[in-house]
Amino acid sequence: MRDRWKDAAPRPLPARNLWSGVLFGVGAIAFVDEAVFHQLLHWHHFYDLATTDIGLVSDGLFHALSWFATIAGLFLLADLRRRRALHWPRWIGGVLLGAGVFQLYDGVVQHKLLGIHQIRYVDDLLVYDVVWMAVAVAMIVAGMVIAVRTRHSAPAPAPEVTAG
(Lines give C-alpha, C1' and ligand atoms only; values in the text may rest on other atoms or scores of the structure.)
Protein backbone atom coordinates (compact mmCIF):
# COMPACT_ATOMS: atom_id res chain seq x y z
CA MET A 1 0.00 0.00 0.00
CA ARG A 2 1.37 3.38 -0.99
CA ASP A 3 1.83 6.01 1.70
CA ARG A 4 0.13 9.14 0.40
CA TRP A 5 2.44 11.37 2.46
CA LYS A 6 5.70 9.81 1.26
CA ASP A 7 5.75 11.63 -2.06
CA ALA A 8 4.11 14.81 -0.81
CA ALA A 9 6.25 17.87 -0.34
CA PRO A 10 6.63 18.95 3.28
CA ARG A 11 4.07 21.53 4.25
CA PRO A 12 4.11 23.66 7.32
CA LEU A 13 1.58 22.82 9.98
CA PRO A 14 2.57 25.44 12.56
CA ALA A 15 -0.49 25.09 14.80
CA ARG A 16 -0.24 21.30 14.92
CA ASN A 17 3.50 21.48 15.70
CA LEU A 18 2.84 23.93 18.52
CA TRP A 19 -0.10 21.99 20.01
CA SER A 20 1.76 18.70 19.85
CA GLY A 21 4.57 20.30 21.83
CA VAL A 22 2.17 21.95 24.29
CA LEU A 23 0.45 18.64 25.07
CA PHE A 24 3.77 16.88 25.46
CA GLY A 25 5.07 19.71 27.65
CA VAL A 26 2.04 19.58 29.94
CA GLY A 27 2.34 15.82 30.26
CA ALA A 28 6.10 15.86 30.78
CA ILE A 29 6.13 18.56 33.48
CA ALA A 30 3.17 16.95 35.24
CA PHE A 31 5.07 13.65 35.20
CA VAL A 32 8.18 15.32 36.64
CA ASP A 33 6.06 17.03 39.32
CA GLU A 34 4.36 13.79 40.26
CA ALA A 35 7.49 11.62 40.17
CA VAL A 36 9.83 14.04 41.94
CA PHE A 37 7.67 16.01 44.38
CA HIS A 38 4.97 13.43 45.09
CA GLN A 39 6.82 10.10 44.97
CA LEU A 40 10.53 10.70 45.54
CA LEU A 41 10.54 13.67 47.91
CA HIS A 42 7.08 13.08 49.48
CA TRP A 43 6.53 16.84 49.67
CA HIS A 44 2.85 16.72 48.77
CA HIS A 45 0.06 14.85 46.99
CA PHE A 46 -2.15 16.23 44.27
CA TYR A 47 -4.94 16.60 46.83
CA ASP A 48 -3.79 17.13 50.41
CA LEU A 49 -7.08 18.19 52.03
CA ALA A 50 -8.07 14.65 53.04
CA THR A 51 -6.47 11.41 54.13
CA THR A 52 -3.19 10.04 52.79
CA ASP A 53 -5.15 7.31 50.97
CA ILE A 54 -7.18 9.90 49.09
CA GLY A 55 -3.97 11.80 48.38
CA LEU A 56 -2.47 8.67 46.83
CA VAL A 57 -5.57 8.05 44.71
CA SER A 58 -5.48 11.67 43.55
CA ASP A 59 -1.82 11.16 42.58
CA GLY A 60 -2.78 8.14 40.51
CA LEU A 61 -5.48 10.08 38.65
CA PHE A 62 -3.08 12.98 38.13
CA HIS A 63 -0.46 10.57 36.79
CA ALA A 64 -2.96 8.99 34.39
CA LEU A 65 -4.05 12.38 33.03
CA SER A 66 -0.45 13.50 32.60
CA TRP A 67 0.30 10.40 30.54
CA PHE A 68 -2.83 10.98 28.47
CA ALA A 69 -1.50 14.44 27.53
CA THR A 70 1.96 13.01 26.84
CA ILE A 71 0.64 10.25 24.58
CA ALA A 72 -1.68 12.64 22.73
CA GLY A 73 1.27 14.94 22.08
CA LEU A 74 3.36 12.01 20.85
CA PHE A 75 0.59 10.81 18.50
CA LEU A 76 0.46 14.29 16.98
CA LEU A 77 4.27 14.28 16.77
CA ALA A 78 4.24 10.95 14.92
CA ASP A 79 1.60 12.28 12.52
CA LEU A 80 3.69 15.38 11.85
CA ARG A 81 6.73 13.23 11.18
CA ARG A 82 4.76 10.95 8.85
CA ARG A 83 3.50 13.99 6.93
CA ARG A 84 7.07 15.37 6.83
CA ALA A 85 5.77 18.49 8.55
CA LEU A 86 7.63 18.19 11.85
CA HIS A 87 9.33 21.46 12.74
CA TRP A 88 11.53 20.71 15.76
CA PRO A 89 12.15 24.29 16.88
CA ARG A 90 8.41 25.08 16.88
CA TRP A 91 7.66 21.81 18.67
CA ILE A 92 10.26 22.58 21.36
CA GLY A 93 8.73 26.04 21.78
CA GLY A 94 5.39 24.32 22.37
CA VAL A 95 6.94 21.97 24.93
CA LEU A 96 8.37 24.89 26.90
CA LEU A 97 5.12 26.82 26.63
CA GLY A 98 2.98 23.86 27.77
CA ALA A 99 5.31 23.02 30.65
CA GLY A 100 5.50 26.62 31.80
CA VAL A 101 1.76 27.27 31.60
CA PHE A 102 1.03 24.07 33.51
CA GLN A 103 3.56 24.92 36.22
CA LEU A 104 2.23 28.48 36.54
CA TYR A 105 -1.35 27.17 36.72
CA ASP A 106 -0.30 24.64 39.37
CA GLY A 107 1.50 27.28 41.43
CA VAL A 108 -1.17 29.97 41.23
CA VAL A 109 -4.45 28.05 41.08
CA GLN A 110 -3.77 24.78 42.89
CA HIS A 111 -1.23 26.03 45.45
CA LYS A 112 -2.55 29.52 46.21
CA LEU A 113 -6.17 29.97 45.11
CA LEU A 114 -7.56 26.50 45.85
CA GLY A 115 -4.96 25.47 48.42
CA ILE A 116 -5.33 21.78 47.53
CA HIS A 117 -1.58 21.34 48.11
CA GLN A 118 1.58 23.36 48.60
CA ILE A 119 4.97 22.76 47.05
CA ARG A 120 6.29 21.78 50.45
CA TYR A 121 4.90 22.04 53.93
CA VAL A 122 7.40 24.29 55.69
CA ASP A 123 7.07 27.49 57.72
CA ASP A 124 8.41 29.80 55.00
CA LEU A 125 7.09 28.97 51.53
CA LEU A 126 8.31 32.16 49.89
CA VAL A 127 11.55 30.72 48.47
CA TYR A 128 9.75 27.66 47.10
CA ASP A 129 6.97 29.77 45.56
CA VAL A 130 9.39 32.25 43.97
CA VAL A 131 11.54 29.51 42.43
CA TRP A 132 8.45 27.61 41.23
CA MET A 133 6.93 30.68 39.59
CA ALA A 134 10.25 31.95 38.19
CA VAL A 135 10.92 28.63 36.47
CA ALA A 136 7.36 28.64 35.09
CA VAL A 137 7.68 32.19 33.76
CA ALA A 138 11.11 31.43 32.25
CA MET A 139 9.68 28.42 30.38
CA ILE A 140 6.70 30.46 29.16
CA VAL A 141 8.89 33.31 27.93
CA ALA A 142 11.33 30.95 26.18
CA GLY A 143 8.44 29.01 24.62
CA MET A 144 6.73 32.19 23.44
CA VAL A 145 9.94 33.57 21.91
CA ILE A 146 10.51 30.34 20.00
CA ALA A 147 6.83 30.11 18.97
CA VAL A 148 6.80 33.67 17.65
CA ARG A 149 10.09 33.25 15.80
CA THR A 150 8.92 30.03 14.13
CA ARG A 151 5.31 30.91 13.32
CA HIS A 152 6.02 31.55 9.63
CA SER A 153 8.94 29.22 9.07
CA ALA A 154 8.59 25.84 7.44
CA PRO A 155 10.13 22.59 8.57
CA ALA A 156 13.37 21.61 6.92
CA PRO A 157 12.85 18.97 4.25
CA ALA A 158 13.43 15.48 5.52
CA PRO A 159 16.48 13.81 4.00
CA GLU A 160 15.70 11.30 1.29
CA VAL A 161 16.40 7.72 2.29
CA THR A 162 17.45 5.47 -0.51
CA ALA A 163 17.45 1.71 -0.42
CA GLY A 164 20.78 0.52 -1.00
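His44 touches Asp33, Phe37, His38, His117, Gln118, Ile119 and Tyr121, leaving aside residues up to four places away in sequence; touching, or contact, means heavy atoms within 4.5 Å. This is a predicted model, where local features need pLDDT of at least 70, side-chain atom pairs count only at pLDDT 80 or more, and totals for chains, interfaces and linings use all residues. Residues are numbered from 1 along each chain as its sequence is written, and side-chain values use heavy atoms, with hydrogens and water left out.

**Around His44**
- You can find His44 in the loop between helix 1 (14–40) and helix 2 (52–82); helices are DSSP runs of H or I with at least four residues, numbered from the N terminus.
- His44 counts as buried because its relative accessibility is 3%, and buried means under 20% relative accessible area with a 1.4 Å probe, protein chains only.
- The side chains of His44 and His38 are joined by a polar contact of 3.0 Å, that is, a pair of N or O atoms within 3.5 Å, where one must be able to donate a hydrogen and the other to accept it, and residues adjacent in sequence count only if both atoms are side-chain atoms.
- A polar atom of the His44 side chain also lies 3.0 Å from the backbone oxygen of Gln118.

**Helix 2**
- Buried residues of helix 2 include Gly55, Phe62, Ala69 and Leu77.
- Helix 1 and helix 3 (88–113) are among what covers the buried residues of helix 2.
- Just after helix 2, Arg84 has a positive phi of about 60°.

**The whole protein**
- The protein has four helices and zero strands.
- Of its 164 residues, 40% count as buried.

Notes: Helix = DSSP H or I, 4+ residues; strand = E, 2+ residues; numbered from the N terminus. Buried < 20%, exposed > 50% of the residue type's maximum accessible area, 1.4 Å probe, protein only.
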